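Subject: Structure handover

Hello,

Here is the structure for you to look through. My notes on what was found in it come below.

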Amino acid sequence: MAGHASYQTGVHLNFLADNIVGMIKEHVERIRTALSDLCEPLHDTFAWAEQTRRARLPELIDSEFYGWHATHTIRALAHHKLREVKPGTLGPWRLTGRHSQNGALWLTDSNYRVQLLHAHVDDHIPPPGTNAARQAYYNNPPLPFQLPLGGEPNDRLLGIWRIDPVSAAPTFRIVRTIGRWKWGERAKVDLEFVLPETAEELTDLEFQPTDEGLDLWMPEAEDEEGGDDAPGLSG
């Protein structure tokens, strides 16, 4: 994939690889900038939804029997809350899709799209299943083959959410999928990062390419000083 230029001095300049990394960083930066308006609203909304569910339905707290109900209830409450926000609270983002279709929860800023899906464990990414529309949604062109960045941003992203069973705090992972896989197989993604609670924290995330894909990571505190479940379109 990478090209190089050779000079009489014997120095090899890996210019194509450097350009690709630079363009990928630019692409990731566009995604990060677009999502900055969602950090606080999503965390606040889902935290409120879980607290409301627990307060109103304490008899259904047992996740072993009623986890499915919790997932649908949280999504419904979150959708209701997001419908009620004042204009501009989400920046350019707005609800879209058909929430009546098994509680599907989608957001768009007219460029990027985010489908919010529930996961039972931190590292789980729900596969697309057999639904043709969902399979198409998962099929982003892999980076860097989507580059150069001449066109409008149009990535189709997943927002994988989970509620901590002890703290009741929500967590979100943003995932860019590049194909289909089956249950039990390794997920096909080329970008994955945790969506922090604030836009400021999102700005602090650093891009780090790896052999297995693209990662965004946040430095540890000591380093800062110096250096659904079910197939279909529901989520």
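R53 and E50 are both buried, where buried means under 20% relative accessible area, exposed means over 50%, and partly exposed lies in between (1.4 Å probe, protein chains only). Their side chains meet in a salt bridge, with N and O 2.9 Å apart. A salt bridge here is a side-chain nitrogen of Lys or Arg within 4 Å of a carboxyl oxygen of Asp or Glu. R53 and E50 are three residues apart in helix 2, so about one helical turn separates them. An α-helix has 3.6 residues a turn, so residues three or four places apart point the same way. E50 and R53 also belong to a salt-bridge network that takes in R54.

Before going further, please note that this is a predicted model, in which local features need pLDDT of at least 70 and side-chain atom pairs count only at pLDDT 80 or more, while totals for chains, interfaces and linings use all residues. Residues are numbered from 1 along each chain as its sequence is written, and side-chain values use heavy atoms, with hydrogens and water left out.

The chain as a whole

The chain has six helices and 10 strands. Helices (H or I, at least four residues) and strands (E, at least two) are DSSP runs, numbered from the N terminus. Of the 235 residues in the chain, 42% are buried. The accessible surface comes to about 13,100 Å², and carbon and sulfur atoms account for 52% of that. These areas come from the Shrake-Rupley method with a 1.4 Å probe; for residues, only the protein chains shown count as cover.

Other salt bridges

How many salt bridges does a search of the whole structure find? The search finds seven. One of them joins R176 to D155, with the closest N and O atoms 2.8 Å apart. R176 and D155 are both buried.

Another salt bridge is between E192 and R173, where the closest N and O atoms are 2.6 Å apart. E192 is in strand 8 (residues 189-194) and R173 is in strand 7, so the pair ties together parts that are 19 residues apart in sequence. E192 is partly exposed, at 26% relative accessible area, whereas R173 is buried at 10%.

Strand 5 and its neighbours

Strand 5 covers residues 113-118, and five of its six residues are buried, so the strand is largely enclosed by the rest of the structure. Two strands count as paired if DSSP finds at least two bridges between them. Strand 5 pairs with strand 4 (residues 106-108) in the antiparallel sense, over three bridges. In this pairing, L107 has V114 of strand 5 as its bridge partner. Strand 5 also runs parallel to strand 6 (residues 156-163), with six bridges joining the two. Here V114 stands opposite L157 of strand 6.

The hairpin of strand 4 and strand 5 has four residues between the strands. S110 is in that loop, and its phi is near 80 degrees, a positive value in a residue other than glycine. S110 counts as exposed, at 55% relative accessibility.

The loop between strand 3 and strand 4

N102 is found in this loop. N102 also has a positive phi, near 60 degrees, and is partly exposed at 42% relative accessibility. A104 lies in the loop between strand 3 and strand 4 too, but A104 is buried, at 2% relative accessibility. A104 and L117 are 13 residues apart in sequence, and their C-alpha atoms are 8.3 Å apart in space.

Helix 3

W68 is in helix 3, which covers residues 63-84. W68 is exposed, at 56% relative accessibility. The buried residues of helix 3 include G67, A70, I74 and L77. What covers the buried residues includes helix 2 (39-56), strand 3 (94-96), strand 5 and strand 6, through contacts, meaning heavy atoms within 4.5 Å.

Regards
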